[in-house]
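Welcome, and thanks for taking a look at this one with us. Here is a short tour of its charged side chains and its nonpolar surface.

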Amino acid sequence: MTPVEILFPLIFLVLTGFVCGKSGFIATNQLEGLRRFIFYLAIPVFLFLNMYRADLSQVASAEIMLAFYLPVAACYFLTLAAKWLVHREALSDAAMWGLGGTYSNTVLVGLPVIIAALGNDAGAMVFMIITFHSALLFALSFLFSSTAQQSPITTLKPLFINPIVLSISLGLLLNTVEFSIPILVLSGLDWLAKPAIAGALFVLGVSLVQYSLKQAWQSALLLSLVKLMLLPAIVWGFASMLGLPSVHISVLTLMAASPLGVNAYLVARQQKCAQATLASSVVMSTLLSPLTMSLWLYWLVL
């Protein structure tokens, strides 16, 4: 398959959502209900089932984790330091820049691309890795955001009750102990999980209507280049240096090449710093991602 064949269905769903949101066909109150169904039910069930059925012997590897998280942490601190030292901004703003350059929209964008390009087996590796993705980057961002008024426990509590983290962790646990779920229950869960990917992409498109590029497009462009090109290049280089199989390198790189996830903006809003920059970066990186993901697909897969 060519990158166009892989990406077109995903872009089509996002554009359909955007048109529905822009035209008012999907109202704000309707979007909230749809978003809750997709992100708190369909996607967690989808992730749970895939983790429950995964062949852990093929994906559970400390080397794979290291090949992804070490470059991510390095890019986070590099972006934070560059913003802090060059522009002498507050450390809290610099922390949001670090988050903006590294937090991937893996579930909505990266996962569908990886499954379409590399198959369902490659998706199992994604589920294993993203368990710690939000926890690491959000924890670092909260740590360096000195303007936060909440106690550390209150601030970090959402990381441990995140539906994505919980669903993957539960699937991993039941897989590990070889717990047998009744066939009828699995059949019902399969139906519940069917709209997860398509629904997530549609909701992403509708959500883009709420954000703007006007306030900080220059900063957003810079952060988008870090997120879409620099981070995946670092991940690819490090994974190649470790001698990982080509399919593993491709999965890790495509995960890193995913656009900035909207949750990064929600963190910035909670911490009351760099809000315009991260909101613009979510839109900019999402709009640029079809081009950059195509380049990475040509490099990695074709």
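## Contacts, salt bridges and a nonpolar patch

Please keep in mind that this is a predicted model. Asp93 is in contact with Cys273 and Ala274, leaving aside its neighbours within four places in sequence. A search of the whole structure finds two salt bridges, and a nonpolar surface patch covers about 550 Å².

- Asp93 sits in helix 5, which spans residues 91-100.
- Although Asp93 is buried, it has no salt bridge, and the nearest side chain of opposite charge, Lys83, is 6.8 Å away.
- The Asp93 side chain does reach the backbone nitrogen of Ala274, at 3.4 Å.

**Salt bridges**
- Glu32 and Arg35 pair through their side chains, at 3.1 Å from N to O.
- Both Glu32 and Arg35 belong to helix 2 (residues 28-53), where they are three residues apart, about one turn of the helix.
- Arg53 bridges to Asp190, with 2.9 Å between the closest N and O atoms.
- Arg53 is in helix 2 and Asp190 in helix 11 (residues 183-193), so this pair ties together parts 137 residues apart in sequence.
- Arg53 is partly exposed, with a relative accessible area of 47%, and Asp190 is partly exposed at 27%.

**Nonpolar patch**
- Trp217, Leu221, Leu225, Met229, Leu291 and Leu295 make up the patch.
- Helix 13 (217-241) and helix 16 (275-300) are the elements that each give two or more residues to the patch.
- Helix 13 gives the most, with four residues.
- Leu225, located in helix 13, is partly exposed, with a relative accessible area of 44%.

Note on methods:
Residues are numbered from 1 along each chain as its sequence is written. This is a predicted model: local features need pLDDT of at least 70, side-chain atom pairs count only at pLDDT 80 or more; totals for chains, interfaces and linings use all residues. Side-chain values use heavy atoms; hydrogens and water are left out. Buried means under 20% relative accessible area, exposed over 50%, partly exposed in between (1.4 Å probe, protein chains only). Lys and Arg count as positive and Asp and Glu as negative; His and the chain ends are not counted. A salt bridge is a side-chain nitrogen of Lys or Arg within 4 Å of a carboxyl oxygen of Asp or Glu. A polar contact is a pair of N or O atoms within 3.5 Å; within protein, one must be able to donate a hydrogen and the other to accept it, and residues adjacent in sequence count only if both atoms are side-chain atoms. Contact means heavy atoms within 4.5 Å. Patches are made of residues with over 30% relative accessible area and no salt bridge: like charges are joined within 9 Å, nonpolar side chains (Val, Leu, Ile, Met, Phe, Trp, Tyr) within 5 Å. Accessible areas come from the Shrake-Rupley method with a 1.4 Å probe; for residues, only the protein chains shown count as cover.
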